[in-house]
Every structure is written in C-alpha cells, then in structure tokens.
Amino acid sequence: MENSIKEDLKQNLGISVNQVYYQLSPEDLQEKAVSLQMGRETKKGTLSVLTGKFTGRSPKDRYIVKDDITSEEVNWGTINLPFQAAHFDVLYKDVLSYLKDTIYVRDCFACASEAFKVNVRVVNEFPWSNLFVYNMFLRPNKVELKAFKADWVVINAPGFMANPKKHHTENENFTIINFTKQIILIGGTGYTGEIKKGIFSALNFTLPTKHKVLPMHCAANVGDKGDTAIFFGLSGTGKTTLSADANRKLIGDDEHGWSANEVFNFEGGCYAKVIGLTEKSEPEIYGAIKKGALLENVIIDKEGKIDFNDVSITQNTRVSYPIDYLDSIEKPSVATNPKNIFFLTADAFGVLPPISKLTKDQAAFYFISGYTAKIAGTENGIVEPEPSFSACFGAPFLPLNPVVYAEMLMEKLATDTVNVWLVNTGWTGGSYGKGYRIPLKHTRAMINAVLNGDLNDLSIDDYQLHPIFKLRFPKKCNAVPADILNPIKNWDDEESYNKTALHLANAFNCNFETYKKWVSKSLYNSGPIKSTCNNY
C-alpha cells in the first residue's frame, strides 16, 4: 500500500521521498515518536510532546493565495492576508525538496454529514503530528480508503523555515491556503492547531459559497427528544464545559456546519485546554487523557506524572483525543436544526446580565460582535479588563465578510423556531478584581432552564429590559438567586455600575462601526444605546 501511495504522491503532488508511512495506527505513531525522542509517555500512557517555539496559532502568518477564485470573494485585510500564486509555487517546491526523507500520510474526512463530506489527505513531517490528525479528523474505514481521492491536501513541515526575502512571508513560519490547488501549506511551526484550523478556514469559504451551509465556531449537543443546542464562545467562556452534559449527547466541541435541515460536526475529535484540569472539574476530559490521546506542552516529571497547573511553557496546554473517548456522544455527529443557540461571553466588566433572550436583530448584532473580555494576566501588558471582539466568535478563520455569515444566520432564524440567548459566564457584583465570577452551578441552572423550556415559557412581563444594553433578562429562574439575574442590583454602587456599563457599551458601538454600512438600521440600532460612536 505504501508503494502505491508513494507513487500517487509523486504523480499528483510532486512529493518524492525515501519512506512513506501510511495510515499508521495510534500505537505505532506513539511508538515512533518516543523512539525518535520526540515525546514521552506519561503514567497514563498518553504521549506528551512539546510543539517548540509556537504553542498557539500565529494568525498574522496565515495567508490566502489571491487568484481568480478568491480575489473578489475574500474579505482581504489584516486577517486574510493575500499571497501571490507565483510565490506559493516557489515555496511549495522548496518545502517538497525539504521533505525528502520520511513522511507520515493520513487520509481522513472533514464533515460528518454525508452530503458535505470532504476528503482530506494530510502529509506530516512528524509522527506525533499525524497522531493529532488521526484524533481530530473523521476516520475512514477500509472500504472508504480503497475509493479515497483527496479533495484537499495539507502539507505540514514544522522543521522547514521560510526565507522571508525569497518566499515573501513575513516570518519563518506560515500557513498558506490555496483554493485553486486545494492545498494548505504549513511550515515553521509545530503547533498542531494550525492543521485543523487550516481546514476549518477552507470550509468557512467553500460551504457558504458552494453549498449555502453556515459554518460555525461552536460546540453542539442534543437531548433525548432531539432538541439540538449550539454554544458559541471564545476561549475561556465555557464552550467546552457547558456543552459537556451527562444528560445530553455531544455532537462536537468546536466546529460545525448548519445546512437546511441538520447540524453536523466537522471533526472526529476534541482539542481541549487542560490548564488547571482536575478529575472533579472536567471528568470527561480528564478521563479521555489515556493512551492514544496527545498532550501538548504540559509538564510531566521524571516518573511521567502530569502537572496540569504548571504553565511555565504556556497557558495554552492542550490535549487531543478521538470523540469516542467520551461516553455520551451522538453517533454519527449529526443532529436536527437547533432549538436554542447560546452566545457565551466572559464579561470581566461585570455588567452584562447572566442570561438574556435576544431578538433576531440582537442575535445578528452580538454574533457579528463576538464579544468577550481579556483579564489581567492573560496577556502581557493587560492590567485591567479589556473588551475583545472576534467577529462571529471566530474572526481569524473567516475568509468572507462576517456580515455574510450573520445574514445566513438571520435567514435561518427567520425560517426556524430558534431561541437565541446571550450568556455571561464572567463576572457580576463588580469588575474583575472587585466582583466575583458567576458560579458555574448557576450558569448550568440557567442553561438547563432554557433547555427544559422553563425560560421559553415566560411572558414578556417576566423579563426586565436593561436600560443601557437593551437586553431582556428574566426576573426569575429556578435555582438561581434573583440578585444574580440582575447585574445592576448586584453592584453596591449603581453609579459605578452605570459608568462601567456605558464604557463597555461604547466599546461595542465603536467596534460595530466597521459593519454598519452593510447592515440594516434596525440591526445597527439593536445594540447598546449609542454614545460617542452614534453617527448612523
């Protein structure tokens, strides 16, 4: 089999190497990584590796080849950086010259829906990178492999360093997406998240433009009655935690598509943060850390014991594992259209209600905004809360204008019976450092009240209108104290609350100025009350 793959690589991709390892098992990949001293086994039997200089994505080094397919469609700017096709060809040739010895090849799928399944071939320089691909993508059976023909190819060479002058990159590391050739070229970085987000970025272009499918950076689960719920949220907002529910089945924890009649996972695994992980706090993730999983940038001692609290390498410590390492999952990872959508935000200013029911215009406004807050200690130079906006809760992966995705969402909200909720998993009673974080048990109680219909059944009189954000939040919710529900009353000083709330409202409005020329007046005005940025 390896010989036929070797010949196929040479003919179709120009890859000529001494040794090709094709579709190796997780056990074999782990054994090779250990024997090559690229990683160590923990006491749990899990492979642990260091990804090198890069312990996270490098969004400023991600490019898209500008050609006939992309020139008019892509939203060019600081997120989608253009790259010339001729420069791609030069870099591609040099990467192939570098990959002359040994490579690890895996054929896999993206998209659990049969109607939209994409065949992906990944070529890795390192065996542990190939283990990540096994964990994170959908795994074909033997019959499917016989008929396999790649739609997309990812070539991943962490050890290859670009020459910026020759290759026209900004730095030595790069991720370049070529939609004409359907190739993603990754080099100079060992961080495996670039592989999965490269394919995610590609799907964020092809699914809307070719299939009218809304791609989403979200988690999703489904109840026994077939009621699907979607959880959008940036890092640290509780997306993975809140979507993991023993009473519901997980569809996926990060990337999904929403077609005319179904929600489907793009992936076959989970890529979870493990900073501060304990068996009590995250039993599902903790239990998935076993042989076959891949730990990245965690500290282990000489005996192989894992220290989840050590952030001396990075706070972005991670584990990847197949989704079937979890007990409660939907098989296949496909469900019906959602009944409820949650926008999760960790508001460190402590002013947003813990849960609010959104109108359709508000849903589009807060979707485009993609708000959360950075807190002191998360990045150098941050000493107090700062607002952070990432359009559609995934700006670094969106080749199209965010308004395109928002319009698709609004179309779906107009035709389906879907409730949209803004959930603050952050602070109340004051900003970060003065107030306190909303207890997880209360957030779960509010989520459950939505899922079991309690909050949906409330009348308009059972909701209160926020005077600054114009959000409607419930006056009561079972198992949740009333003072938690109303952030204004939860502060000791209402004047300080209003001042802080107006500051955040202004940040929302200033951020949204970028999009106002593309949206309706009603959508634009559905955000917080206007102040200095009110010039519609």
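Is Asp457 buried or exposed? In this predicted model, Asp457 is exposed, because its relative accessible area is 65%, and a residue counts as exposed when that value is over 50%. Asp457 is found in the loop that joins α12 (440-451) to β29 (463-465). Its position was also compared with that of Lys434: the two residues are 23 residues apart in sequence, and their C-alpha atoms are 35 Å apart in space.

Another loop residue, Asn478, was examined in the same terms. Asn478 lies between β30 (472-474) and α13 (482-485). With a relative accessible area of 58%, Asn478 is exposed. When neighbours within four places in sequence are left aside, Asn478 is in contact with Ala445 and Asp454. The C-alpha atoms of Asn478 and Leu502 are separated by 30 Å, and these two residues stand 24 residues apart along the chain.

Helix α10, which spans residues 360-369, is mostly covered, with 8 of its 10 residues buried. The buried residues are Gln362, Ala363, Ala364, Phe365, Tyr366, Phe367, Ile368 and Ser369. Just after this helix, Gly370 takes a positive phi of about 55 degrees.

The axes of α10 and helix α15 (residues 494-512) come within 10 Å and cross at roughly 85 degrees. Angles of 65 to 115 degrees count as roughly perpendicular, and α10 and α15 are therefore roughly perpendicular to each other. On the side of α10, the contact is made by Phe365, Tyr366, Ile368 and Ser369, and on the side of α15 by Phe508, Asn509, Asn511 and Phe512. By class, this contact of α10 with α15 has 5 nonpolar residues, 3 polar residues and no charged residues. The four residues that α10 contributes, Phe365, Tyr366, Ile368 and Ser369, are listed among the buried residues of that helix.

The largest cavity has a volume of about 100 Å³. Its lining consists of Arg57, Ser58, Pro59, Arg62, Thr175, Ile177, Glu194, Lys197, Gly198, Ser201, Pro396 and Phe397. Both β9 (174-178) and α7 (193-211) supply at least two residues of this lining, and the largest share, 4 residues, comes from α7. The residues that line the largest cavity divide into 4 nonpolar, 4 polar and 4 charged.

The second largest cavity holds about 60 Å³ of space. Phe200, Asn204, Leu214, Pro215, Met216, His217, Phe232, Phe367, Cys392, Gly394, Leu398 and Tyr405 form its lining. The elements that give two or more residues to this lining are α7 and β11 (214-222), and β11 gives the most, with 4 residues. By class, the lining of the second largest cavity has 9 nonpolar residues, 3 polar residues and no charged residues, whereas the lining of the largest cavity includes 4 charged residues.

How values were computed: Residues numbered from 1 in each chain as written. Predicted model: local features only at pLDDT ≥ 70, side-chain atom pairs only at ≥ 80, totals over all residues. Heavy atoms only, no water. Buried < 20%, exposed > 50% of the residue type's maximum accessible area, 1.4 Å probe, protein only. Contact = heavy atoms within 4.5 Å. Axes fitted to C-alpha atoms, helices over the stretch in contact; angles between N-to-C directions. Parallel < 35°, antiparallel > 145°, perpendicular 65-115°, else oblique. Nonpolar A, V, L, I, M, F, W, Y, C, P; charged D, E, K, R; others polar. 1 Å grid on protein atoms, 1.4 Å probe; cavity = no way out; pocket = protein on both sides within 12 Å on 5 of 7 lines; lining within 4 Å. Points joined across faces, edges and corners; volume = space filled by probe spheres on them.
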